[in-house]
Amino acid sequence: MEYSLKKENSAVCETVLDAVSEQPLDLDFSLPDYCPDIERILKCRMCPSITSKSITGDRLDVDGVAVIRLYYLDSKKQAVRLCEHSSPFSCSFTLKNPAPDMVSSVRLRTEYLNCRAVSPRRLDIHGAFSVMACVYTRGEQEYCTDIEGEDIQQRKHTEEISRLMGFGQQQFSLSEVLDIGQGKGTPESILRTELNIQLADCRAIDDKLMLKGEAVLKVLYVTDLESGAQDIMSFNIPLSQIVDVQGINDSTINDISVDVMSYDVSLKSEYDESSTLITLDARLCAVVFAYAEESVDVIDDAYSTSYELDLTYESAPVSRLIGNFNMTAALKDEIRTGDNGITKVIDIWCDSINSIVSSENNKLTVKGKINCCMLALDSDGIPFCSEKAMDFSLTPDIGENSGRLSAVSDITVTNIGFRITGDNSAEIKADLAARICVYEKSNCKCVTAVSSFDDKKREKDKAAAITLYYADEGESLWNIAQLYCTSVEAIKLENEMTDDVIQARAMILIPM
């Protein structure tokens with residue numbers, strides 16, 4: 001006997017690529033002529049950035065620059081100096097199953113960095129950073145929702161899923177001329193910069209997403225090259241951008257990320273010595289996925305009251321976007337500075353953020369560390385650098401869930417401060433802001449094909465209209481109905497039952 005299966009397709013986000021490429025960096029270079037000799041290395045940082053990324057055919061190409069920033073003591077003035085060295089890099093990823101429409105997410109992570117001064121003017125640097133690339137496209141997940149046939153009994157369960165309505169990515173520029181203002185000192189060189197993106201409002205209309213927030217730029221600069229005197233300035237730059245996302249609307253649940261690909265901060269005083277203006281040129285990338293919640297009834301088992309069946313089962317992945325959770329955390333710790341003491345903090349910043357996601361007992365936790373760096377003066381007025389790793393743990397309240405939980409987290413340090421608590425110590429306070437996008441993922445058993453053995457008929461006992469069955473507690477009506485070639489509904493109706501499972505040992509009537 002032939003049976004017709006009704007199937008339903010749901011659009012899903014399909015991963016085309018999830019790969020990591022480690023980029024080694026080995027340098028042996030001398031200081032430029034305009035840089036004074038090195039007395040002592042304070043801090044060496046690797047700052048990789050992306051200048052371009054593109055998908056062409058079956059390949060993702062990523063180009064960028066790894067900038068080494070060396071902070072050291074001037075041997076003559078005992079001031080903090082900066083020397084930079086840029087190394088371009090390129091890497092490519094092969095896509096095994098390319099599709100017409102794809103979006104990419106690429107992030108960079110410093111793995112390690114070792115820096116050694118071979119001489120007062122020569123450096124030996126070894127390190128590596130990772131290019132973490134993901135490429136996504138639209139896929140289709142098929143579910144069997146009904147089997148047509150008078151003799152067919154089918155068992156269904158409901159799955160809550162997230163249907164992919166659309167996705168998109170857009171690169172855009174942020175360019176600003178910023179004024180440090182009077183009373184802060186004219187900047188003569190820039191020591192350190194930091195740019196963070198903080199989203200405040202994400203509003204969707206038909207096929208468009210309006211992003212609003214701010215770009216927070218922090219600049220540590222030198223006001224006197226002779227003495228090495230520094231000052232700090234922060235800028236809050238309004239950010240507004242419209243991203244085209246086909247299929248997004250005001251009812252979709254959205255997974256949104258905005259990353260800084262690269263940025264450059266330069267001084268206007270290079271052309272005007274009295275200028276207090278600086279320029280910011282940044283390249284940002286927004287990646288958006290839009291989902292709609294829906295329910296689908298999936299057949300997980302079936303039998304025929306007339307014939308033996310040959311059933312084919314498959315395990316189908318189910319993914320549901322639970323939602324976005326905005327969280328904050330305040331961290332506090334003490335940093336020890338050594339025997340030379342501390343008299344003044346020049347600057348303090350978060351050098352890196354590392355986090356992992358764990359799921360246990362239907363609870364999701366984002367744990368990690370932030371590495372805080374402090375540039376300060378000791379009791380002799382000599383600059384030094386000290387570091388402190390601070391642990392954090394965030395647990396969003398996501399309610400009851402039965403599947404495996406996963407998350408994409410975007411964590412930034414919105415504010416970091418200090419308080420000198422003793423001759424050799426300081427207290428650090430850091431405020432975290434986290435946007436955690438939580439998914440529930442599981443697998444469900446589905447019937448994908450049905451055929452009957454026409455030569456293997458199932459015979460009912462026609463000697464009586466009713467059969468007595470002694471059922472044990474916990475027995476399934478589905479198994480009982482399948483054994484006696486009847487239906488669950490018929491047994492429920494005959495025994496005035498509502499549950500699908502026997503609640504207590506009892507005698508029930510089986511209609512034949």
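How many bridges pair strand S2 (residues 38-56) with S3 in the antiparallel sense? The count is 16 bridges. What you're looking at is a predicted model, where local features need pLDDT of at least 70, side-chain atom pairs count only at pLDDT 80 or more, and totals for chains, interfaces and linings use all residues. Residues are numbered from 1 along each chain as its sequence is written, and side-chain values use heavy atoms, with hydrogens and water left out.

- S2, S3 and S4 make up an open sheet of three strands, in the order S2-S3-S4, with antiparallel pairing.
- S2 and S4 are the edge strands, each pairing on one side only.
- From one strand to the next, the twist averages 15° (axes are lines fitted to C-alpha atoms, for helices over the stretch in contact, and angles run from 0 to 180 degrees between N-to-C directions).
- As for the terms, strands (E, at least two residues) and helices (H or I, at least four residues) are DSSP runs numbered from the N terminus, and two strands pair if DSSP finds at least two bridges between them.

- S3 (residues 59-74) has 12 of its 16 residues buried, so the rest of the structure largely encloses it; buried means under 20% relative accessible area, exposed over 50%, and partly exposed in between (1.4 Å probe, protein chains only).

- The hairpin of S2 and S3 has two residues between the strands, and Gly57 in the turn has a positive phi of about 65°.
- The hairpin of S3 and S4 has five residues between the strands, with Gln78 taking a positive phi near 55°.

**Helix H2**

- In H2 (residues 488-495), the buried residues are Val488, Ile491, Lys492 and Asn495.
- Seen down the H2 axis, those buried residues fall within an arc of 100°, so they line one face of the helix; the arc is taken from the directions from the helix axis to the C-beta atoms.
- Glu489 and Leu493 are exposed, on the face of H2 turned away from its buried side.
- What do the buried residues of H2 pack against? They pack against helix H1 (477-483) and strand S20 (506-511), where contact means heavy atoms within 4.5 Å.
- Just after H2 comes Glu496, with a positive phi of about 50°.
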